[in-house]
Amino acid sequence: MVSAETTISWVLRIGVLLSAITLIAGVSLGEPILWLGALILILTPFLRVFFAALYFLLHKDMRFFVITLYVILILVIGSLLKF
Amino acid sequence: MEFMLFLLILLFGIFAGALGATLGLGGGILMLLFFTLALNIPIHRAVALSLLAVIASSSMAGSVYVRDKMTNIRLAMVLETCTVPGAVLGAFLALTMPGRYIEAILAAVLIYAAIISFRQAKSEKIILCEDRLGIGGEYYDEAKKTTVRYSADRLKTGLFASFLAGIVSGVVGIGGGIIKVPIMNFIMKIPIKASAATSNFMVGVTAAASAVVYFSKGVLDLQMSVPNVLGIMVGAYIGTRLLAQTQSPYLRILLGLVLLFFSFVMFLKAGGALVW
């Protein structure tokens with residue numbers, strides 16, 4: 001079975017690479033693609049937290065699962081807040 | 001965007017990424033100084049770009065750290081419960097603040113960064129205390145060929161400091177590794193290797209929590225993001241794979257002096273004495 005560390009390590013690599021490719025493509029394709037590239041990069045650490053939650057859930061570590069859910073909640077609220 | 005500007009940002013990004021990885025500085029501070037002082041970009045936009053650079057460099061370095069099982073994900077999550085709200089709050093605060101306030105805060109952060117770089121990281125005097133929350137950890141020390149076990153001391157102080165670190169990160173656009181590593185190492189007595197790896201995880205999440213606020217407010221310059229992010233990625237790659245981490249005391253003192261100099265420049269800029 002693939003360990004959590006290996007999975008997270010790959011998530012990070014794929015996220016970074018995907019955003020780099022999208023940003024490079026955006027130079028000729030225009031603003032919406034650039035926007036997407038930046039978004040992918042910003043979401044990469046979020047994914048890391050998401051995978052941590054999954055890891056705790058799979059290991060039935062409910063206390064840390066709840067702690068991680070709380071962090072995700074704050075991240076989501078921060079993304080949606082307008083003032 | 002002009003080709004020359006693109007190239008300039010790209011090259012500086014490579015430099016900052018490589019130097020950041022070697023010195024354990026992350027590169028956020030260097031990019032920020034470059035954007036505000038060399039390119040004269042308004043501070044809010046410079047902060048947004050710097051946050052993006054921080055996410056890129058931490059994700060690059062993170063894939064190595066995580067694979068080596070140095071990162072304490074439990075400890076990171078517990079501290080994130082305070083850092084992330086701080087980071088969101090900091091970003092909102094910064095967007096309502098006049099630019100020169102942010103420049104003044106940045107100048108103060110630079111003094112702090114200089115002090116930290118003058119001070120040597122505490123080496124491994126590990127205190128094992130009762131680990132009620134289960135946020136202690138262990139890792140395999142390659143150099144000593146042993147498994148190092150540790151526990152986390154003074155959690156409350158650590159949590160409060162993490163909240164402040166989050167605010168600072170959101171306001172001035174650094175991931176805050178320069179604050180988080182000392183919190184874990186000096187206050188919570190986590191060994192430096194585990195502190196650095198765990199901080200790296202947290203820095204990415206903290207920077208992303210702030211970046212998303214700047215991003216959704218449209219403060220992020222998308223054109224400049226390209227050379228910024230690509231430069232940092234290439235630099236961080238070079239820095240983590242090809243260059244050795246350095247602990248040279250001369251280099252740290254030199255870095256401290258450079259940071260002090262730029263802190264002075266930033267104070268002048270905040271006071272309006274520096275216009276160009």
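Ala, Val, Leu, Ile, Met, Phe, Trp, Tyr, Cys and Pro count as nonpolar here, Asp, Glu, Lys and Arg as charged, and the others, Gly among them, as polar. The model is predicted.

Start with the cavity. The structure holds one cavity of 30 Å³ or more. The largest cavity has a volume of about 30 Å³. By class, the lining has eight nonpolar residues, no polar and no charged.

Now turn to the helix pair. Two packed helices are described by the angle between their axes and the distance between the axes. Helix α2 (residues 31-58) of chain A packs with helix α8 (residues 192-216) of chain B. The angle is about 140 degrees, and the axes lie 9 Å apart. α2(A) and α8(B) are therefore oblique to each other, as angles over 145 degrees count as roughly antiparallel and 65 to 115 as roughly perpendicular. Their crossing is left-handed.

Which residues make the contact? From α2(A) come A:W35, A:A38, A:L39, A:I42, A:P45, A:F46, A:R48 and A:V49. From α8(B) come B:N200, B:F201, B:G204, B:V205, B:A208, B:A209, B:A211, B:V212 and B:F215. By class, this contact of α2(A) with α8(B) has 14 nonpolar, two polar and one charged residues.

The two sites share residues.

Note on methods:
Residues are numbered from 1 along each chain as its sequence is written. Chains are lettered from A and ligands numbered from 1 in the order in which they are written. This is a predicted model: local features need pLDDT of at least 70, side-chain atom pairs count only at pLDDT 80 or more; totals for chains, interfaces and linings use all residues. Side-chain values use heavy atoms; hydrogens and water are left out. Axes are lines fitted to C-alpha atoms, for helices over the stretch in contact, and angles run from 0 to 180 degrees between N-to-C directions. Helices (H or I, at least four residues) and strands (E, at least two) are DSSP runs, numbered from the N terminus. Angles under 35 degrees count as roughly parallel, over 145 as roughly antiparallel, 65 to 115 as roughly perpendicular and the rest as oblique. A crossing is left-handed if the near helix is turned anticlockwise from the far one by less than a right angle, and right-handed if clockwise. Contact means heavy atoms within 4.5 Å. On a 1 Å grid over the protein atoms alone, a cavity is a set of points where a 1.4 Å probe fits but cannot get out, and a pocket is an open set with protein on both sides within 12 Å along at least five of seven lines; lining residues have an atom within 4 Å of a point. Grid points are joined across faces, edges and corners, and a volume is the space filled by probe spheres set on the points.
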